[in-house]
4 protein chains.
Amino acid sequence: MDMQRINNVLDNSYNIGKAAIPEGEVASYIPELAKANKSDLGIALITRKLVPFSVGDCETRFTVQSISKVVSLCVALEEYGFSRVFCNVGMEPSGEAFNSIVELDLQSNKPFNPMINSGAIAIENMLLKRLGFDELVTITRKLCNDKDISLNNDVYLSEMSTASRNRAIAYLLDSKEIVKGDVEATIELYTKMCSLNVTAKSLANLGLTLALGGLNPYTGERLLKPETVKVVKTIMLTCGMYDGSGQFAVEVGLPTKSGVGGGLLSVVDKEMGIGIYGPSLDEKGNCVAGKAALKNISSELGLHLFYS
Amino acid sequence: MDMQRINNVLDNSYNIGKAAIPEGEVASYIPELAKANKSDLGIALITRKLVPFSVGDCETRFTVQSISKVVSLCVALEEYGFSRVFCNVGMEPSGEAFNSIVELDLQSNKPFNPMINSGAIAIENMLLKRLGFDELVTITRKLCNDKDISLNNDVYLSEMSTASRNRAIAYLLDSKEIVKGDVEATIELYTKMCSLNVTAKSLANLGLTLALGGLNPYTGERLLKPETVKVVKTIMLTCGMYDGSGQFAVEVGLPTKSGVGGGLLSVVDKEMGIGIYGPSLDEKGNCVAGKAALKNISSELGLHLFYS
Amino acid sequence: MDMQRINNVLDNSYNIGKAAIPEGEVASYIPELAKANKSDLGIALITRKLVPFSVGDCETRFTVQSISKVVSLCVALEEYGFSRVFCNVGMEPSGEAFNSIVELDLQSNKPFNPMINSGAIAIENMLLKRLGFDELVTITRKLCNDKDISLNNDVYLSEMSTASRNRAIAYLLDSKEIVKGDVEATIELYTKMCSLNVTAKSLANLGLTLALGGLNPYTGERLLKPETVKVVKTIMLTCGMYDGSGQFAVEVGLPTKSGVGGGLLSVVDKEMGIGIYGPSLDEKGNCVAGKAALKNISSELGLHLFYS
Amino acid sequence: MDMQRINNVLDNSYNIGKAAIPEGEVASYIPELAKANKSDLGIALITRKLVPFSVGDCETRFTVQSISKVVSLCVALEEYGFSRVFCNVGMEPSGEAFNSIVELDLQSNKPFNPMINSGAIAIENMLLKRLGFDELVTITRKLCNDKDISLNNDVYLSEMSTASRNRAIAYLLDSKEIVKGDVEATIELYTKMCSLNVTAKSLANLGLTLALGGLNPYTGERLLKPETVKVVKTIMLTCGMYDGSGQFAVEVGLPTKSGVGGGLLSVVDKEMGIGIYGPSLDEKGNCVAGKAALKNISSELGLHLFYS
């Protein structure tokens, strides 16, 4: 693709994103997150030829939040394999909000999917029996090609002090024997993974790694199995934007995961990784500026999965 | 009422209750409770004239379980008054099982009523800010006229080790600011209150105290305000038998509370207290023998609220 | 009871009711009902000695709406007996709004109780296989001692044109084989029964008939079996005020049924019947003025079921 | 792709599908559907180069059932455009069964998506204001390149006589003003569209038309706008297999729609159309043999959306 064309589209998309910021709000339920600068916006894009593009606040650190669910699912699939992971969590979009307890209690014996809190908590419970947090940080740094990723301790402590709802989910899973003991340690690991500091660039690198089926884009080293990445991209597509996933798939058509820290991780399969930072969120917890920008990028560059 | 008549009715009702035992099962989800003798049945009745009747296993100790919700509600009303209590918990039957989380999460910001786990956990959280467990034991002994009531430590430990679902409820309430901190202490107090050892006779005494509007039947001492007792009896009538409360009110017509330890506490207003022990439970957690026996007692002695 | 005392209490209660009117709204979802005069209030009371009391708009005709569910349940119990009726409908409070479909679809194979739309539709389907509408009008007139009760055709037509939700309920019941064919005829009968014109006085007479266990208060003729009346009064107590039934039972303690036409039918067992008209409704569909007035009447005259 | 390779894969997949048949059951809730031959299986595949492949019962007529939802959505998008269609129906997977009423009533004012009954009923209500059934048949024939498609009257009558649940949904939508009048005509049109007779070959042709972005594969005529087809394929991917859509997307990775008549319509974007007939269904209503066969076809030929 023509570099100038991409630059132009990114600039336009940045402006479109900026204009959408007032429609959203910075997450307020975690005190530390409320301190984010609502007007920030950064878009980083990197092609498989390793041409980097960026506009706006692409070096700003922010916490990865739910985007860590992608990393955790990757690691769980590598460690335990498909069958054992999906014995504890489903693959279905839930039609409900990210922190819903209802569906879990009412309709099923396992969380709907690994992209909502209940599913990710089940995954963290599996992970902590095999890996320590430090190992997970190392893996995250590799997948994002960003050695500066580290714990944001202020956010971590702030989230732990407001984690009642996640504890409720974890104990409910414990009562269903999906979480198997270590409830408090599970919540700690889950919250630490959410509290890792990344940048839009880190996420663009992660996206490219997934676009390339698990190969390090810089070294060619295999970081993840193709099967793992296939599964993760599909689940990002169907479940990555909470209960707005269906509309996002129709309108943008790229596997994408959002986090309430303002991040968006997006994959243009076999082609590009895109990372966005913008802390103004819609009512479903997705970055408003990023959604608007990605819709334009996808449309202008013809990136929709079913573009024709 | 004629003493011989009551004796005959109790004997018949005991036999009817015995015959119903095979329809139920002893509670199995708490290991210690599973040790109960399924064929046990005891019915104790005491009139306002202090004439005691009893048939079967009326001295057998068993844990009070959910019937402690009646005591806790009484104490909370005395300590905090009507408005403050019902600011944290509703008065509506829920149409759901005793340990449901769904309605709580979906439809309301507070538990439906104080007779289900979520409501009682909210009440215990209020109580622990004012009273210690020892004080609550003392009050329970007084209300039951039974100085031997004490903690069944085996049951307590067994329940604490299987309390995940109650912890889930408590943390969910914490996230809604209905429970205000001290989650673990709340669960401890809730579980200790459930683990008090009583007998059918203790419950008959408690029933008579409620029938008399809060007066100690033996000394005439006022233990509870009339207003407290009026509220508690009404809620027992509409919510005391979990999601079988409506049918029980129609068929038996007496304010009654069940516990999964096998107890039934029943009030014949202004006239009698009835306590029953029978650990074989129906699928809603209510004593099968006791239900059958009470239905016969109510019918034969004309005790239904709307008897005519 | 002292007549002067009752007169004074009614006058006070009327004023308390009047003051509550602004808190509610006239039902607007049925165009004809929206025409009611929001400030109307009438309270009629009649004792078993046949002493009538009344204050305000006690002769004003209004449509009985859901209070007809009481009449229909009485007739169904007389025609089919307890077992066959409760094979098609439950006896449990639902914890949900009067026109909810959710609980019906999700949790059960039959409507929760006969006081909500789904339950009453099931009852009407049974009735139409035995009786015509004219016979039901005749029975209603007798039970209310009011020969002038007749169909309000304007309301009937208005309701039939906005009956989509009730049709949805009826077809869902048909798919569950609770309603057995004749869906449209069932909706017609249901809606006609709701559209009968009564007065506060009619309802007071009906209340007294129920208070007396089914005897015509004027002639002593047995209109309903004692067993029928016992069941109906219990269900009115636990389910008569929709999802506000529990709180109403606690605060007022009288079997009562409301209708969105503004009516309240209340029973002081063995003593009195009370009928109220006031079209300003709370968000649950219960007459606000009537609720406030009844609470005061019950409290001042000591009528609560568990008064002591 | 190599023809011999495709032939071999289809033969293997046919055998794998055959072996899965006993895991399912023929739909029994519609009497006429219950007459299907459970052991039937046909797989038709056609490439963009118009090379046709087929194995088994590819000429057997069966009713299209829910696969007609794809045609109806296409026509609605062409007639009304994106905004007006999605004003009446959402784009989100529901996490619930195909005929659920709960989510509709509880959580939203419009059906979750056009691939479940409620959403399709909303679409048919829009269509009937613009087109007759005959026009829709003509369009269906064109899209399937099958002039023999016609109404199976026996199935149609059988379904109309058991359509209570769909009528319930339609009236509920009418009460929410999503369906706007003509409820019975809407149910008729919906049921007629479900009762069209197709073959596995018809569906393969339809799949190829969608794969080619709306062009008639034989004539090059534009039958549908690219934008319409993009939207429809995305929704088939996220919602096409009812509450098994997420797992199917992960495991097979092709936009696919199932019908309880036993059909599967599958799209290999830009490459192929696949049609399958096999009336043995899993508990979610999806063809068991077809699912197993498609999984193998996708895996062996590398057709998964995120294959790498």
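Let's start in chain A, where Glu227(A) pairs with Lys230(A) in a salt bridge, their closest N and O atoms 3.4 Å apart. The term salt bridge here means a side-chain nitrogen of Lys or Arg within 4 Å of a carboxyl oxygen of Asp or Glu. Both residues sit in helix 10 (residues 226-239) of chain A, 3 residues apart, or about one turn of the helix; helices are DSSP runs (H or I, at least four residues), numbered from the N terminus. Glu227(A) is partly exposed at 43% relative accessible area, while Lys230(A) counts as buried at 15%. For those labels, buried is under 20% relative accessible area, exposed is over 50%, and partly exposed is in between (1.4 Å probe, protein chains only).

A word on the model: it is predicted, so local features need pLDDT of at least 70 and side-chain atom pairs count only at pLDDT 80 or more, whereas totals for chains, interfaces and linings use all residues. Residues are numbered from 1 along each chain as its sequence is written, chains are lettered from A and ligands numbered from 1 in the order in which they are written, and side-chain values use heavy atoms, with hydrogens and water left out.

Now hop to chain D. Arg167(D) and Glu184(D) form a salt bridge, with 2.7 Å between the closest N and O atoms. This pair links distant parts of the chain, 17 residues apart: Arg167(D) is in helix 7 (residues 164-175) and Glu184(D) in helix 8 (residues 183-194) of chain D. Arg167(D) is buried at 12% relative accessibility, and Glu184(D) is partly exposed at 30%.

Over all chains, the structure holds 64 salt bridges.

Notes. Helix = DSSP H or I, 4+ residues; strand = E, 2+ residues; numbered from the N terminus.
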